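Dear colleague,

Please read the notes alongside the model itself.

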Amino acid sequence: MKQLQLNYVFPHLANDMTIAQAQISRTGAMPPVGGLSSDVVLDMRMTYALHLITDHRTAQAAQLIDDLIYGDEALPTTPAIYNTWLWVARMTLLIADSSWALALGSAENALQQLSSIKGKKSEDYMALLAAILYNLAVVHNGTGDNSRAAKELTKAQQLLERLVKKNEMRFSVLLLNAVEASTDIITSRTKQMNVLAHYQTIIDANTLMLGTGNEGDTRKALNELVDTLRKEGEIMLEMGNGRNAVKYYTKALRYQKKLNEPLGYRDLVLSIGLARALMRLINRRAAAEQLLTSLLPLARKLGATNEAAEIENLLNSKTKNFNIMTLLKGIF
């Protein structure tokens, strides 16, 4: 999925920044602000933040965004519509680094700012809501939750279709990106169904091998069954079928146990997959959280730093995703 183009959802500023924008484009630096009113300085800094992002000076952009979000005593209180864009911009930068959990935190803050705005039919409001939904779809696509990503893209696309009727020049590119992303996910689902059919054939063949009585063949079949069932569980998660994903991961863990091996890395990976699947089921989220908490010491003991980080991200993201869903329900 393409990265959100933040210039298209940049809010209308209170002051005309044509001259400042030209100077920033020419010099690449923030113009002098001596003698200017605080509201003009704020608009100039917003303009400069957008320039830094489009100029790929992400470290500077991130610092300026943080300065604006967390306040500068010399500037007036930042309007909620400005703050919403700043949080969306921060989310976009975090997505570029695949910092999914932190990106969800930015989405939550962006939605909180947006929910405080009264003019919910304004162009800027709808554009920023569509931007948040698009970014959430990128996050969920990146974390293997294509079912949720598809729903968010559908809502973003509906908003953008309304916006294109108002301002085609501003929003047509964003609409095309959302449509393209939706097409990619649909194509991906078709491929996933074909892969599932292929894996089912492998499972059938290995299940037959279990009854041969040959210890070597049986052990080989068990190992292949575990890996294939794990892959099927991953595909089910990407397709949004948490219930079937739980079944596949549970079967994989059952066959893994029959290998009579010490608790190790593969047990850890399978158990994390099971926890991710349980998190998709409303009535099993507490069990998922309990399982993840119990897996963290094992991950650290095995030196599995990536898996330990994934467990921590899943635990952190659980609350963020719930809060985001609650905020979106309030908006829609």
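The axes of helix α12 (residues 285-302) and α13 come within 9 Å and cross at roughly 155°, where helices are DSSP runs of H or I with at least four residues, numbered from the N terminus, and axes are lines fitted to C-alpha atoms over the stretch in contact, with angles from 0 to 180 degrees between N-to-C directions. The two helices α12 and α13 are therefore roughly antiparallel, a term that applies to angles over 145 degrees. Their crossing is left-handed, that is, the near helix is turned anticlockwise from the far one by less than a right angle. On the α12 side the contact (heavy atoms within 4.5 Å) involves R285, E289, L292, T293, L295, L296, A299 and R300, and on the α13 side A308, I311, E312, L314, L315 and K318.

Please bear in mind that this is a predicted model, in which local features need pLDDT of at least 70 and side-chain atom pairs count only at pLDDT 80 or more, while totals for chains, interfaces and linings use all residues. Residues are numbered from 1 along each chain as its sequence is written, and side-chain values use heavy atoms, with hydrogens and water left out.

A second pair is α4 and α5, whose axes come within 8 Å and cross at roughly 170°, which makes α4 roughly antiparallel to α5. The crossing of α4 and α5 is also left-handed, and the residues that make the contact include W87, V88 and M91 of α4 and A103, A107 and A110 of α5.

Leaving aside residues up to four places away in sequence, L6 touches L50, I53, W85, V88, A89 and T92.

Finally, helix α10 (residues 242-258) has 17 residues and reaches 25 Å from its first C-alpha to its last, close to the 24 Å expected from 1.5 Å times one less than its number of residues. Its buried residues include Y248, Y249 and Y255, and α10 is followed by N260, whose phi is positive, near 55°.

Notes:
Buried < 20%, exposed > 50% of the residue type's maximum accessible area, 1.4 Å probe, protein only. Parallel < 35°, antiparallel > 145°, perpendicular 65-115°, else oblique.
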